[in-house]
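Trainee: I would like a close look at one part of this model. Please take me through it step by step.

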Amino acid sequence: MKLPRRKFLHLAAGVAAFPAVSRIARAQAYPTRPSRLVVPFPPGGAFDFIGRPWADKMKSLLGTIVVENIGGGGSSLGAAAVVRAIPDGYTLLLGGTQTHVNEALLKSRPLYDPIKDLDPVTGVAAYFFVIIVNPAVPARTLQELIAYAKSNPGKLSYGHAGVGTTQHLSGELLKSLTGTPEIVPVPYRGTGPVIADVVGGQIPMGIPGLTGQVLEFHRSGKLRVLAVTSPSRLPTAPDLPTAAEQGLPGMTAIGSIGLLAPAGTPRPIADQIAQATRTALAEQAFRQMLIDAAMEPVSDQSPERFRQMLADDVALWAPVVKALGLKID
């Protein structure tokens, strides 16, 4: 039986629209079950510090979000787990500079393509790195640390969150700028263990992301912050000198942290997550929590702007990686 051409086209258009209608329906119904936020580092670092309060804040906005720490590979393992997830909005990554720089610049056989395999949702905060030492290290300024390293070759080692992390890159950049190649890098599986071992004296030096925990340890004398990589002194910690003001203007580094989803996540769902995040960031208590931890809240950032920020981060570190000749596979 032949259908009239007009009726056939009408039915065909309806069939073609089913997938789109289905996607819209899913987006409108979201969320209907708990979601998962993957933090690609062990507990205790800057990412974890943001991820858990964010998930708690989302309970009234998006429902239950379970935080899962998947460390290893300098953030690669956690990010790869998100890339493999179904793009339905129920698996998110707290990533950013680290997850993009690691795979885009440092891998000859990357586990994922950070541009094609992850969709930026929104930025949350910018963070900075700090050069910290155990109080037993006889240096109270960055210049004193440099002098100590030069007069005691091979005696200093620094901990970082994993080979290829921006903490690792920052440490190697410091060595390059100061002519101290003998400082030995020691990889950990995240920032938390680095801080714990510097406090405990198992390692004399570290270059973690700056968090409230680091500030507390500094103020209590359990560790000493010698320099921060921010462009200028931070309002929440005006006592911390920058590396730039201590003679190392090239030691300025900023990291971005935000939410990403598996490529193909419906835009309405991503927009809903972004709006909920903006609502949280608009609350003074949540913003102040980030500021008190020496982070800068990022407000009203579109996916396109977050994508461009991450591209800029990759461009910033590309010449550093090339000059150092770093590869991690």
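Which residues does T91 touch, not counting residues up to four places away in sequence?

Mentor: First, the ground rules. This is a predicted model, where local features need pLDDT of at least 70, side-chain atom pairs count only at pLDDT 80 or more, and totals for chains, interfaces and linings use all residues. Residues are numbered from 1 along each chain as its sequence is written, and side-chain values use heavy atoms, with hydrogens and water left out.

Now your residue. Leaving out residues up to four places away in sequence, T91 touches R36, V82, A85, A261 and P262 (contact means heavy atoms within 4.5 Å). T91 counts as buried because its relative accessibility is 10% (buried is under 20% relative accessible area, exposed over 50%, partly exposed in between, with a 1.4 Å probe and protein chains only).

T91 lies in strand 3, residues 91-96 (strands are DSSP runs of E, at least two residues; helices are runs of H or I, at least four; both are numbered from the N terminus). Strand 3 runs parallel to strand 1, residues 35-39, and three bridges join them (strands pair if DSSP finds at least two bridges between them). L37 stands opposite L92 of strand 3.
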